[in-house]
Amino acid sequence: VTWFSGFGLFVSTCPGMIWQLSGSQAEMIPFAGTWVDGNNGDEGPALERRLNNPSFLASWPGQGLAVADSDNRRVCIMEFEALS
């Protein structure tokens with residue numbers, strides 16, 4: 001779970017999804033992932049990127065959300081353009 005100023009709270013779940021929590025009822029809005037574990041590269045829209053056990057999130061000022069994609073042994077940067 002991480003907080004990103006201006007965008008709110010984000011949480012990771014398995015299989016391979018990142019959610020933005022929004023509003024007073026904490027509505028879960030899909031931010032990244034496809035519901036299918038895997039790895040389809042580091043390019044493309046966040047909602048088309050496959051993640052495999054996203055285990056840690058951190059805000060990356062000026063860039064977006066850093067995601068530790070543990071089982072793929074990588075760190076992905078998910079940009080906030082889609083939310084602006």
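Predicted model: local features only at pLDDT ≥ 70, side-chain atom pairs only at ≥ 80, totals over all residues.

1. Side-chain atom pairs count only at pLDDT 80 or more.

2. The structure has 2 aromatic pairs. One of them joins Phe10 and Phe31, with ring centres 5.2 Å apart. Their planes stand at 70°, and planes over 60 degrees apart count as edge-to-face, so this pair is edge-to-face.

3. Where do Phe10 and Phe31 lie? Phe10 belongs to strand β2 (residues 8-13) and Phe31 to strand β4 (residues 27-33), so their contact ties together parts that are 21 residues apart in sequence. Both Phe10 and Phe31 are buried.

4. Trp19 and Trp35 also pair: their ring centres are 5.7 Å apart and their planes meet at 65°, so this pair is edge-to-face. Trp19 sits in strand β3 (residues 17-22), while Trp35 is in the loop between β4 and β5 (54-60). The two residues are 16 apart, and the pair links distant parts of the chain.

5. Trp35 has a relative accessible area of 49%, which makes Trp35 partly exposed.

6. On the charged side, the structure contains 1 salt bridge. The side chains of Asp69 and Arg74 form this contact, with an N to O distance of 2.7 Å. Asp69 is buried, and Arg74 is buried as well.

Definitions and conventions: Residues numbered from 1 in each chain as written. Heavy atoms only, no water. Phe/Tyr/Trp six-rings, centres within 6.5 Å; stacked < 30°, edge-to-face > 60°. Helix = DSSP H or I, 4+ residues; strand = E, 2+ residues; numbered from the N terminus. Buried < 20%, exposed > 50% of the residue type's maximum accessible area, 1.4 Å probe, protein only. Salt bridge = Lys/Arg side-chain N within 4 Å of Asp/Glu carboxyl O.
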